[in-house]
Structure formats: structure tokens, C-alpha cells
Amino acid sequence: MTNPRNSAVVPDRDSIERAEAASIYRRVRQASETLVEPLEIEDYVVQATVETSPPKWHLAHVTWFFETFLLTPFLKGYQVFHPEFRYIFNSYYDQVSGGYFPRPQRGLLSRPTVAEVYRYRSYVDEHMETLIRSVSDENWPAVNERLLIGVNHEQQHQELLLTDIKFNLAFNPLRPAYRTDLPVPEPRSVASPGWVSFSGGQARVGFDGAGFAFDNEGPPHDVALRPYRLSSRPVTNAGFREFIEDGGYDNPALWLADGWKIIRTEGWTSPLYWERRDGEWFNMTLGGLKPVAGTEPVTHVSYYEADAYATWAGKRLPTEAEWESAARPLPINGNFVEKGYLHPLPASGEAGLLQMYGDVWEWTQSAYLPYPG
């Protein structure tokens, strides 16, 4: 899954000028609506599993965020579009009075209609333009801070839109494509696998510098690292296929106890979206069902599958600190959503770490815990 967050839209700094705020807001909001343009009206309301949300809900939830945290407290005389939207489109913000509608049941709501959700977006957008234009200089710093959170939050949901659309369509036996016009990458030389060594020592991790960051990305702090090596590129489909063919899903010695229990209970025998047809592996993409390309990074594996593969290969997953320390000096470029592929590409390059940004999320062995301080 590629990461839609586009630095060309949201500036990499912790504040924005009032004059550019409206433009940034409009571009991020339009990007969400562009992502759902290929959908049929029926696609907007599907929730194929409790971990996904209907596209209609995503479009309304990000709008609710701006209404709740910016318009209601800062725009004098603002009237909410619909009083019950505060409950329906709150995700899990307990600090907002009134609670929230159960996540597993979002796909059961036929109303509000898709058309009304778009009217809701237009209504909030119109009033956000007014707020940005008219808010006092005294209140602008607070509005600016929440506006930056809001547009970054909407970009997170743009990624969730693609993730959830893919799952919803893959659930359908017809395996319909989200888009049939996705670009085909030019042939490229595929990088050979290798290892990159790091000396360890004291390393600085956590957000440190100018630009926007969510609160769970800091504070910066020092960690001690032993010498380590990282694979020069993510594991490929071909590599993971070797794990499958060597009985990886049938060998309990490779799995953490919780993982072994889950794959037995759920019947997992391959990554999510993989299926065998006439002896060949295919996987569901946003462009429809395609043959598994061996040179592409493997995607849609759980933490348990990633850990079992590493054990099978005689290696281990890196820690978050190791990965971040290795990635910190690298330029932030890669296969992001604005390139239009909406699918990982084979690693290409001469040497060093490849595909550290874009293309895929990567598992580490670290728990999701607060940083010191």
C-alpha cells in the first residue's frame, strides 16, 4: 500500500500563513473527493469487515473533524449542519460529548445519503473559508495549529480510503477493479538483494526539527544501538513464496504462540489478497486481480507472518530505533500516491537502502509505546 501523504500539498513546517491556508485546505479536501470518483454509488456504503469503514463515512468523518474542532469553537454564530452527525461521524474521540456510533455498524447506515454527505462537505468547506479569512489575529495561532492537524488527519484518511476500498472490492467474488486505467511502470532493472551494516552506538530518534508531527512522534530522545545490518530492500513476493512452498504456514516452530493460534483459527495459508488459480498465485490490487509479481515487495502480511518469515530466514525484524536511525539521513522520496501507480514497484537502485520511503509500510519488532517524556 502506498502512502498518500503528499508533502507537495502540505508544507513541511509547523505553521502556515493565512494567505496559503485556504489553498492548502481546498487541495487536501479535493484530493479526497478525487480518490472516490471511480466508485459506483453502491461502493460508498460497503463495510466488508469491522476493521474497514464505508467510503461515505470517511468523507463525512474528516468533515466532522473540521466542524467540531475549528468551526464550532472559533466561528462566531456557526450552526452545525446536522446535530446527529456529531454522534454518527465521531470515530473514537471520548473527549467529545455525546459518544460515537459503534464502528462495526457503520456499514449498516443507509442514511445520510452520499448526496447529503457531499452537501455536508460543501457546507463545512464554505464556512472554513470564512473562518480562515475572518478569524482574529489573536485566535489565528490556535486555528492554524488545528488546521494543520486537520489536513494531515484528512490525508491519513485518504490512505484509509484506498485501503478500505481495496478490501471491500476484494471481498466481492467478482474481484472488481477500483480503477482499470492505472499506469503501467516502465521496465526497470531490479536491484540485487544485499545487506547494509551499521555500527550502532548512541542514536537520536523521534521527531526533532521544524515541520508538522503528530504527538506520538516525539519527543526526541537518545537510544543505544548495538551493531546491526538491514536488508537493502523489503522482502519480495518471490522470497515470501519460498517461505510458503517450504511449509512456512505449517511449521509451528516458526511462529509466536499467538500467531500460530490465529493462522490455525483463521485458516491463513498466504498473505491477504493472495489466491491460487490453476496452480498460479494471483493477488488483488486496486487495478483488479493480477498475477503475483515476484520482484515486487510483499504486502498485506501481519506482524505474525513477518516475524515467522524472519525466523524461517534465520534473521529477525529490526527494532523501530534501528529502522529510524538508518532511515534518518536518507532523502524522502519514493513511490508515493501522487505517482499514480497505487501499487508497490520492484526495488531499483545501485546500492544502499532502497524503498525506505513509499511503496510499503514495514514491520518492526518494537511495541507501540510512548517515548520517554
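## Arg 175 and Glu 275

Arg 175 has a relative accessible area of 23% and is partly exposed, a class lying between buried (under 20% relative accessible area) and exposed (over 50%), as computed with a 1.4 Å probe on protein chains only. Glu 275, at 17% relative accessibility, counts as buried. Arg 175 and Glu 275 form a salt bridge whose closest N and O atoms are 3.0 Å apart; the term denotes a side-chain nitrogen of Lys or Arg within 4 Å of a carboxyl oxygen of Asp or Glu. Arg 175 lies in the loop between helix H5 (140-171) and strand S1 (195-198) and Glu 275 in strand S5 (residues 274-277), so the pair ties together parts that are 100 residues apart in sequence. Helices (H or I, at least four residues) and strands (E, at least two) are DSSP runs numbered from the N terminus.

## Basis of the model

The model is predicted: local features require pLDDT of at least 70 and side-chain atom pairs pLDDT 80 or more, while totals for chains, interfaces and linings use all residues. Residues are numbered from 1 along each chain as its sequence is written, and side-chain values use heavy atoms, leaving out hydrogens and water.

The structure holds 13 salt bridges. One of them joins the side chains of Arg 121 and Glu 33 at 2.8 Å, N to O. Arg 121 belongs to helix H4 (residues 114-134) and Glu 33 to helix H1 (residues 18-36), so this pair ties together parts 88 residues apart in sequence. Both Arg 121 and Glu 33 are buried.

## Asp 250 and Arg 264

Asp 250 is exposed, with a relative accessible area of 57%, whereas Arg 264 is partly exposed at 44% relative accessibility.
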